[in-house]
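Subject: Structure for your review

Dear colleague,

Please find below the structure that I am handing over to you. A written account of the findings comes directly after it.

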Amino acid sequence: MSWDRGPRRPRRLGRSASAAALVTVLSVTAGGCVVVHGEREVLPGATRTEAARALKDFSTAYNEANAANDPTLDADRVTGALGDIDGAKLKAGGSNQPGGNPGYLPLKLTGTEFTIPEKAGWPRWFVTESKANKGRDEDRWLLVFTRGGPDEVWEVSYLTILPGADIPEFAKDADGWAQAVAPDAADLAVAPRALPKAYAAYLRDGGDTFAPGTHTTKWRSDRTKNASRPGLAQQYIDEPLTSGDYAPVALRTADGGALVFFTTRHYQRQTSARGVPIDVTNTDVKALMTGEPKQSLTLESVSNQAVLDPAKGAADSQVRFLGRIQGLTGAKGE
């Protein structure tokens with residue numbers, strides 16, 4: 001692992017996650033008809049009834065886990081970026097409040113709209129958009145549910161919270177099914193599969209791929225300001241995650257672009273000068289930390305992004321952030 005003292009120094013990293021195998025299954029009904037379940041038939045990711053049940057099951061498990069500060073209680077309902085963020089949060093909570101969280105307000109999701117794309121093969125996925133009893137009145141919670149095969153349960157891999165007015169109109173057919181965008185789609189400003197790497201490169205080198213904003217120009221500026229403080233140096237590494245349940249997913253929007261969800265991992269290393277202590281006061285950092293920060297402290301976090309990826313050739317060709325949720329997932333003292 002090579003470290004960067006600011007946002008411009010090059011570095012290269014890689015990590016992969018296992019993906020579910022694709023299998024085509026043929027079964028013969030009593031009437032002699034062959035039913036195909038597999039990678040060639042284009043089908044909705046879920047029925048609307050199935051999607052509603054998946055949302056209910058997630059909400060129940062999520063509330064149980066957060067009330068008890070126990071990540072095992074929703075481990076089979078979260079995965080990917082949300083699984084990492086949620087699991088680490090609950091692990092820290094269990095350490096800081098081992099008896100559970102008596103002040104936890106159960107999450108209630110209402111007025112849900114289901115956006116279910118048609119696609120071939122596994123994994124399949126869909127998006128829910130709900131009003132929550134937490135946060136601002138104008139906010140909506142977007143959850144991406146994914147399932148790797150017919151015998152698996154639905155798990156949430158992405159969570160994004162953003163004003164309802166920012167949610168784009170999706171392209172849908174006459175039956176109301178949405179359109180999934182291929183990972184390597186060439187008709188967008190940036191192919192969905194390439195977005196994690198493009199974002200990591202942008203944080204390092206800058207450029208004009210992403211529109212200015214809180215999660216782009218401001219984040220880079222903040223890093224530059226914090227790169228070197230008296231007695232304490234800050235270094236950064238940004239890592240694209242592209243495989244398995246971290247893989248980007250994209251929905252076609254009515255204007256020909258796409259709403260894309262993708263994941264990155266980030267490392268921030270603080271190194272102190274001789275005789276300058278590293279003071280760790282954050283209780284979550286303490287709960288997740290291994291080792292002792294005598295001279296350095298490395299913070300690891302996972303971030304999931306939701307962006308609007310314009311159609312290639314659009315007047316505005318920059319990828320625009322709608323939302324980003326980042327959570328601490330580990331800490332190491334040396």
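The paragraphs below set out what was found, moving from the whole chain to individual residues.

Please note at the outset that this is a predicted model. The chain contains 5 helices and 16 strands. It has 334 residues, of which 46% count as buried. Among the contacts with a separation of 6 or more, 68% are between residues 24 or more positions apart.

Helix packing

Helix α1 covers residues 48-68 and helix α2 covers residues 80-96; their axes are 10 Å apart and meet at an angle of about 30°. Angles under 35 degrees count as roughly parallel, and α1 and α2 are therefore roughly parallel to each other. On the α1 side the contact is made by F58, Y62, A65 and N66, and on the α2 side by L82, D86, K89 and L90. Sorted by class, this contact of α1 with α2 consists of 5 nonpolar, 1 polar and 2 charged residues.

In soluble globular proteins, nonpolar side chains tend to be buried together. The largest nonpolar core in this model has 21 residues, and those with the most contacts inside it are F58, L107, L109, F126, L143 and F145. At least two residues of this core come from each of α1, β6 (124-132), β7 (139-147) and β8 (155-163). Helix α1 gives the most, with 5 residues. Leaving aside residues up to four places away in sequence, L143 touches L55, F58, L109, F126, V127, T128, V156, Y158 and L159. Another core, of 20 residues, lies apart from the largest one and includes L162, L251, L259 and A306.

Aromatic pairs

The count of aromatic pairs comes to 11. One of them joins F126 and W154 in an edge-to-face arrangement, with 4.9 Å from centre to centre and 70° between the planes. F126 belongs to strand β6 and W154 to the loop between β7 and β8, so the pair ties together parts that are 28 residues apart in sequence. F126 and W154 are both buried.

Y158 and F261 form a tilted pair, at 5.9 Å centre to centre and 40° between the planes. This pair links distant parts of the chain, since Y158 is in strand β8 and F261 in strand β13 (residues 258-272), 103 residues apart. Y158 and F261 are likewise buried.

Helix α3 spans residues 195-205, and its buried residues are L195, P196, Y199, A200, Y202, L203 and R204. These buried residues are covered by elements including α4 (217-226), β11 (232-241), β13, β15 (296-309) and β16 (320-333). G206 follows α3 and has a positive phi, near 80°.

A189 is located in the loop between β9 (178-179) and α3. With a relative accessible area of 33%, A189 is partly exposed. Its C-alpha atom is 7.4 Å from that of V319, although A189 and V319 are 130 residues apart along the chain. Not counting residues up to four places away in sequence, A189 touches D309, P310, A311, K312 and S317.

Yours sincerely

Terms used
Residues are numbered from 1 along each chain as its sequence is written. Side-chain values use heavy atoms; hydrogens and water are left out. Axes are lines fitted to C-alpha atoms, for helices over the stretch in contact, and angles run from 0 to 180 degrees between N-to-C directions. Helices (H or I, at least four residues) and strands (E, at least two) are DSSP runs, numbered from the N terminus. Angles under 35 degrees count as roughly parallel, over 145 as roughly antiparallel, 65 to 115 as roughly perpendicular and the rest as oblique. Contact means heavy atoms within 4.5 Å. Ala, Val, Leu, Ile, Met, Phe, Trp, Tyr, Cys and Pro count as nonpolar, Asp, Glu, Lys and Arg as charged, and the others, Gly among them, as polar. A nonpolar core is a set of buried Ala, Val, Leu, Ile, Met, Phe, Trp, Tyr and Cys residues joined through side-chain atoms within 4.5 Å. Buried means under 20% relative accessible area, exposed over 50%, partly exposed in between (1.4 Å probe, protein chains only). Rings of Phe, Tyr and Trp (its six-membered ring) pair if their centres lie within 6.5 Å; planes under 30 degrees apart count as stacked, over 60 as edge-to-face and the rest as tilted.
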